[in-house]
Amino acid sequence: MKKLLRALKKSPLYIVLLVGGVIMVMPFLYMISTALIPHLYVIPYPPELIPANASFDNFIQAWQANNFQTYFLNSSFVAVGSTLLTVLFSSMAAYGFARFKFPGKETIFFIFLIVMMVPATILIIPQFLLMKYLGLRNSLPGLILIYAATTMSMNIFLLRGFFEQLPKELEEAALIDGADYFTIFLKVMLPLSAPGIATVAIFSFMALWDEFIMALTFIDDPAKRTLPIAIALFQGQHGTQWGLVFAASLIALIPVFIVFFSLQKYFTGGLTTGAIKG
Amino acid sequence: MKISMRTQKLILPYLFILPAFILFCVFMVYPLLKGFQISFFNWSVLPNTPSTFIGLDNYIRAFSDKIAGVAFKNTILYALITVPAQMIIAMFIAVLINSVTRGKVFFRAIYYIPVVTSWVIVSLLFKYLFASPQGVINYFLTDVFHVSSTAVPFLQEADLAEIPIMGLGIWKGIGWSMIIYLAALSTIPHELTESALIDGAGAWQRFWSITFPLISPTVVFTLVMLLIGGFNVFISVYLITNGGPMQLTEVILSYLYHQTFVYLDFGYGAALSFLMAFVIIIASALQLKFLRKPQELM
């Protein structure tokens, strides 16, 4: 009885949370239901959450149309490549900052941090000129390099904090056994810091999979487009074929949702350790 | 020849940092300096015509440019409205989730879904939902709740277009602050709130006198981050209205993007970007200076 009363007392909280949750989810439900309506050339009115003639036609058509598979591959290549690059370079740098004393250490670290404070978008104009000058326009490896550079500061900052919390004993033992520092970094440090590395990798991957402004600016060649650009242009070209646009969008969401839901625990935990200290 | 341990220790840290530092200098530090230089030039995009140094002209022009004024106003309004809205709603939701016993993980995930969805996709989605006359929102306004007798032209009028743009900003951002507030709330010892409960403090009083002061550093952190994000609003405007109608919904980034890559006025675009960076840096510095203080005194 007491338990029931307590539960009843809390029921308004659940109702508020559920109403808010519905507002969060409703737009996605309309996106999914629209994607399930085949041969859609106008916005359906009245909107139906469960379409009468639901089918997966749009998904099949989107997957096969307009080089969509190329864009999917491009996005995968760029997001995975730049994530690997930024994780490798920033964990090396973070190790250097966390475990060594050397002249200029805090100055170099400060340069990384201060540029992190600068809003990334003000760099877009000079970066465009730089990419042109280096011959990296319309180059996916070029996109990988610049994506890795933009995520570097944040990752070094997070990983340095992570490395500094790890005990030094294992490294010292390895050093006595005659291992050099690169071996220690690869064989001791990286395995020990797997949760931190995973957090940084997930963050980078999710941000870079969705990156829009740089890809929009540096890539003209239709064959080199990434998914966010392709989807935005797709909507421009197929104005009212919303079913097709949303089917393409939902396919593009799959990798992010897989990463998010399978690693949710890591993800929210890693985000918040940095935030609370900051 | 084996390098001695001492020299190894002296050179090694630089070797570890070098790859990241080179990449960072080439693609971040150099463009930052280069952009500053460009902003003082009438920058030529053609290889044969030289760029001319024009001093502060690009900056002066920004102050007399009507559309730039509109863009600044829209950007600041966007930040002033969406940031507090996100924080207040997120705090409310976080406190609720923190006090229920069942479904914590479920609610946390639900509110976080918009955060992980790409800006491009949710911008198109809101454009679809707010379309007129047949959009979903208009369906609810006219046929379900009968709030309006005719469809509201959300995307055709500048003032109305701010509703989907800002609405999207708030809706997409709530989950991010919420996750951070939830983590901060979980660090507050139960004894504190329980003893206040015994003293007869109401929920509101408990929040203001115990919870809020304890998590205020986290609140400042989200404020700074959200304001920077708010000033950087671009994708939603670019995809929902593209600055229209008649450039009345332009924000700074969409306007400088159009100036640079449509009108090829690189110098002016760069000057606009540095003006915006200046506003952001001043705003962040002020917040940290004034809002951090009371916390440090406690």
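**View 1. Where chain A meets chain B.** In this predicted model, the contact draws on 69 residues of chain A and 70 residues of chain B; two residues are in contact if their C-beta atoms, placed from the backbone, lie within 7 Å. On the side of chain A that touches chain B, helix α1 (residues 2-35) of chain A gives the largest share, 13 residues. Sorted by class, that side of chain A holds 53 nonpolar, 14 polar and two charged residues. Here Ala, Val, Leu, Ile, Met, Phe, Trp, Tyr, Cys and Pro count as nonpolar, Asp, Glu, Lys and Arg as charged, and the others, Gly among them, as polar.

**View 2. The two domains of chain A.** Domain 1 covers 2-60 and domain 2 covers 67-277 of chain A, with bounds from an automatic or database domain assignment. Their centres, taken over C-alpha atoms, are 33 Å apart. In chain A, 12 residues of domain 1 are in contact with 10 residues of domain 2. On the domain 1 side, α1(A) gives the most, with four residues.

**View 3. A kink in helix α12 of chain A.** Follow α12(A) to Ile254(A), and you will find a kink of about 35 degrees, shortly before the proline Pro255(A). The bend is the angle between axes fitted to the seven residues ending there and the seven starting there. Helices are DSSP runs (H or I, at least four residues), numbered from the N terminus.

**Reading the views.** Residues are numbered from 1 along each chain as its sequence is written, and chains are lettered from A and ligands numbered from 1 in the order in which they are written. Local features need pLDDT of at least 70, side-chain atom pairs count only at pLDDT 80 or more, and totals for chains, interfaces and linings use all residues.

Note on methods
Helices (H or I, at least four residues) and strands (E, at least two) are DSSP runs, numbered from the N terminus.
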